[in-house]
Amino acid sequence: VPEKFAALGLTYDDVLLLPGHSDLAPADIDTTTRLTREISINVPLISAAMDTVTESRMAIAMARQGGVGVLHRNLSIEDQAYQVDLVKRTQTGIISNPVVIGPDATLEELDRICGEYRVSGLPVVDPDMRLLGIITNRDLRFTPVAEWATTKVDEVMTPMPLITGPVGIDRDEATLLLRKHKRERLPLVDDEGRLAGLITVKDFVKSEQFPNASYDADGRLLVGAAIGYFGDAWQRATTLVEAGVDVLVADTAHGNVRMLLDMVQRLKTDPATRHVQVIGGNVATREGAQAFVDAGADAVKVGVGPGSICTTRVVTGVGVPQVTAVYEASLATKPAGVPLIADGGMKHSGEIAKALVAGADSVMLGSLLAGCEESPGELVFVNGKQYKSYRGMGSLGAMSSRGKKSYSKDRYFQAEVTSDDKIVPEGIEGQVAYRGPLAAVSHQLIGGLNQSMFYTGARTIAELQEKGRFVRITSASLTESHPHGVQMTVEAPNYTGR
Ligand code: RVP
């Protein structure tokens with residue numbers, strides 16, 4: 001074959017995984033994986049940085065399920081940073097920067113602060129942050145409202161000594177202490193008696209509902225945010241870092257461009273940003289993945305044209321079938337120990353395992369999550385069925401000024417196109433069936449992956465990647481794979497047709 005016609009490209013529907021010997025019980029299976037060089041997540045799912053998929057609500061839900069959401073960037077820098085803040089402030093257990101009050105404040109002031117922050121009690125500290133006591137709703141109840149303006153906090157608070165925990169206490173130890181002493185709040189103090197955090201039972205109970213949740217080192221939910229490389233991209237990146245983002249995701253349709261590689265390199269060397277993980281993308285070849293590895297990226301994202309709403313391949317004739325793209329890119333990332341993300345083209349849970357065997361460590365999903373309750377956008381009824389809108393970030397709707405300003409046109413290298421009729425779209429606008437809460441959707445996706453691991457005899461993602469083997473299939477076999485010769489009468493929660 002002449003060099004010009006490189007290899008044959010394969011995608012998800014071209015392959016199946018071979019079953020392997022299995023002596024696993026469902027409880028043995030562990031789906032923990034590496035998101036980036038330094039961050040691990042309990043389930044290998046990422047929600048796409050798209051304006052019909054991931055805003056703070058989806059990001060919170062994704063992190064609670066054990067994955068992570070990437071906040072889209074088709075909004076102002078301030079709005080995107082605010083979304084990061086919303087995720088980071090979602091209470092999960094340990095509050096490292098609790099709201100406090102001084103001993104001389106009045107109960108009236110206390111009541112106002114509690115209302116503003118929607119909390120029911122505050123640690124009381126001196127100007128040096130030394131813990132003096134704690135005051136809660138209960139303490140207020142015994143003072144008539146008429147006296148609130150003249151009564152000081154230290155007259156009614158529960159003073160030290162209180163049951164406290166040391167800085168760095170882990171969740172299990174804290175739970176034990178709270179249970180033993182039947183307390184609702186556990187202030188954390190350092191050696192000098194200074195307040196360094198607060199744990200509340202209410203938040204712990206909530207976090208017990210989400211045993212897989214993805215946390216940062218301070219016990220807050222993990223969150224990612226998309227950035228570009230054009231115009232005020234650096235300002236966007238640094239503002240997101242200040243807001244506490246854990247992962248910055250270079251978000252473009254074609255990542256192997258000097259300006260973006262330089263941006264990644266700068267983010268990984270600048271003292272203000274280098275502690276944050278940076279994902280580079282998108283690429284679809286070994287060479288593209290290598291460029292990001294060399295630039296210092298903490299993970300590489302793969303996918304040029306596989307997305308359900310994407311028309312890049314037809315508009316430009318460029319792309320690589322996704323299984324081949326992931327495999328080729330992994331030849332550069334694996335030896336460097338850099339995790340890889342397979343982005344786009346997934347229609348069913350079975351494709352997650354295929355992507356992992358091809359060389360990915362996690363997957364990014366758009367259409368499979370756009371129908372969730374937590375995705376942005378209204379529910380619409382069409383012929384008695386419920387739908388949510390879903391559009392490509394390269395669609396006319398996302399890139400034009402229709403509706404509101406587009407901030408993310410540089411994803412498709414059209415930052416400088418100002419007139420809507422000059423835009424060359426690379427995506428379409430549509431809708432997907434409403435799927436209910438993310439918890440139910442991710443249960444099916446992860447349930448499917450667990451079954452893949454059982455069928456292939458893989459206890460861990462690493463084992464799946466190592467043991468997994470493909471068989472190439474024909475279009476006749478694809479017909480055999482799907483339900484055939486039967487009219488489907490009841491829709492399954494995890495099957496939407498071909
Ligand atoms: P899918 O999961 O198949 O719906 O694909 C989602 C992915 O498609 C996104 O994560 C992104 O990489 C890509 N995308 C987003 N917009 C467009 C486009 O307009 N072409 N493509």
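Analyst: Leaving aside neighbours within four places in sequence, Val 153 is in contact with Ile 101, Pro 103, Ala 105, Leu 107, Leu 110, Val 124 and Ile 135, where a contact means that the C-beta atoms of two residues, placed from the backbone, lie within 7 Å. This is a predicted model, in which local features need pLDDT of at least 70, side-chain atom pairs count only at pLDDT 80 or more, and totals for chains, interfaces and linings use all residues. Residues are numbered from 1 along each chain as its sequence is written.

User: Is Val 153 buried or exposed, and in which helix does Val 153 lie?

Analyst: A residue is called buried if 20 or more other C-beta atoms lie within 10 Å of its own, exposed if 12 or fewer do, and partly exposed in between, with the C-beta atoms placed from the backbone. Val 153 has 21 other C-beta atoms within 10 Å, and therefore is buried. Val 153 lies in helix H5, which covers residues 153-156; helices (H or I, at least four residues) and strands (E, at least two) are DSSP runs, numbered from the N terminus.

User: What does the whole chain look like in these terms, and how confident is the predictor?

Analyst: Confidence is given by pLDDT, the predictor's score for each residue from 0 to 100; the protein chain averages 93, and 99% of the residues score at least 70. The model scores ipTM 0.99 and pTM 0.85. The protein chain has 18 helices and 22 strands, and 46% of its 498 residues are buried. Among contacts with a separation of 6 or more, 66% join residues 24 or more positions apart.

User: How do I read a sheet, and what is the order of the open sheet of 3 strands?

Analyst: Strands of a sheet pair through backbone hydrogen bonds, either parallel or antiparallel, and two strands count as paired if DSSP finds at least two bridges between them. Here an open sheet of 3 strands has the order E7-E8-E9, with antiparallel pairing. Its edge strands are E7 (121-125) and E9 (158-159), each of which pairs on one side only. E7 and E8 are joined by 5 bridges, and Val 125 has Leu 131 in E8 as its bridge partner. E8 (residues 131-136) is joined to E9 by 2 bridges, with Gly 133 facing Pro 159 of E9 as bridge partner.

User: How many residues of E7 are buried, and which way do they point?

Analyst: In E7, 5 of the 5 residues are buried, so this strand is largely enclosed by the rest of the structure. Gly 121, Pro 123 and Val 125 point one way, whereas Leu 122 and Val 124 point the other way.

User: Which peptide bonds are cis?

Analyst: The angle to read is omega. The bond from Met 160 to Pro 161 is cis, with omega near 0°, and Pro 161 is found in the loop between E9 and strand E10 (165-166). A cis peptide bond also joins Gly 281 and Asn 282, with omega about -10°, and Asn 282 lies in strand E15.

User: Which residues come nearest to the ligand?

Analyst: A residue is near a molecule if its C-beta atom, placed from the backbone, lies within 6 Å of it. Of the 23 residues around the ligand, Gly 307, Gly 366, Gly 392, Gly 394 and Gly 427 come nearest.
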